[in-house]
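Visitor: I'm new to this one. Could you show me how to read it, feature by feature?

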Amino acid sequence: QERLLGLDVVGALSQLLDRLDWARPSTAQPPFERIHGPGCECNPESALRIQYLRLVHNLADREYDHGNAKHKLLSQAELESVEGFASF
């Protein structure tokens with residue numbers, strides 16, 4: 001994770017966030033069996049979104065990092081807002 005942070009993984013994740021389509025449901029009819037049962041709506045697009053969210057969560061939730069990765073995930077305006085709340 002340290003190596004990824006050094007390679008600006010946060011910038012890459014930000015670009016990927018903008019490229020992922022979060023609103024459109026999959027229209028492709030998968031040729032495979034539904035792994036979670038008949039009502040399962042899993043597909044490659046939803047799997048990619050889930051893996052993206054897991055990566056962001058694991059990067060931001062490192063216990064020994066003291067919030068450094070979390071701060072890199074925020075924009076300057078978001079960081080100032082959070083720091084404003086911290087002063088209360």
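**A first walk through the model**

Guide: Let's start with the secondary structure: the protein has five helices and zero strands. Helices (H or I, at least four residues) and strands (E, at least two) are DSSP runs, numbered from the N terminus. This is a predicted model, where local features need pLDDT of at least 70 and side-chain atom pairs count only at pLDDT 80 or more, while totals for chains, interfaces and linings use all residues. Residues are numbered from 1 along each chain as its sequence is written, and side-chain values use heavy atoms, with hydrogens and water left out.

Visitor: What share of the 88 residues in the protein is buried?

Guide: Buried means under 20% relative accessible area, exposed over 50%, and partly exposed in between (1.4 Å probe, protein chains only). Here, buried residues make up 20% of the 88.

Visitor: Which residues make up the largest nonpolar core?

Guide: In soluble globular proteins, nonpolar side chains tend to be buried together. A nonpolar core is a set of buried Ala, Val, Leu, Ile, Met, Phe, Trp, Tyr and Cys residues joined through side-chain atoms within 4.5 Å. In this model the largest one has eight residues: Leu5, Val9, Val10, Leu13, Leu20, Tyr52, Leu59 and Ala69. Helix 2 (9-19) and helix 3 (44-60) each give two or more residues to this core, and helix 2 supplies the largest share, three residues.

Visitor: What does leucine 20 touch?

Guide: Contact means heavy atoms within 4.5 Å. Not counting residues up to four places away in sequence, leucine 20 touches Leu48 and Tyr52.

Visitor: How do I read aromatic rings?

Guide: A pair of aromatic rings is described by the distance of the centres and the angle of the planes. Rings of Phe, Tyr and Trp (its six-membered ring) pair if their centres lie within 6.5 Å; planes under 30 degrees apart count as stacked, over 60 as edge-to-face and the rest as tilted. This structure holds one aromatic pair. Tryptophan 22 and tyrosine 52 have ring centres 6.0 Å apart and planes at 65 degrees, so the pair is edge-to-face. Because tryptophan 22 lies in the loop between helix 2 and helix 3, and tyrosine 52 in helix 3, the pair ties together parts that are 30 residues apart in sequence.

Visitor: Are those two buried or exposed?

Guide: Tryptophan 22 is partly exposed, with a relative accessible area of 38%, whereas tyrosine 52 is buried at 8%.

Visitor: Where is arginine 62, and what is it in contact with?

Guide: Arginine 62 sits in the loop between helix 3 and helix 4 (68-73). Its relative accessible area is 8%, so arginine 62 is buried. Leaving aside neighbours within four places in sequence, arginine 62 is in contact with Gln1, Glu2, Leu5 and Ala69. Arginine 62 and glutamine 1 are 61 residues apart in sequence, yet 9.3 Å apart in space, C-alpha to C-alpha.

Visitor: And what about phi angles?

Guide: Most residues other than glycine have a negative phi, and most peptide bonds are trans. Aspartate 8 has a positive phi, near 60 degrees. Aspartate 8 lies in the loop between helix 1 (2-6) and helix 2, and is partly exposed at 49% relative accessibility.

Visitor: One last stop: what does alanine 60 touch?

Guide: Alanine 60 lies in helix 3 and is buried, with a relative accessible area of 15%. Not counting residues up to four places away in sequence, alanine 60 touches Lys70 and Leu73.
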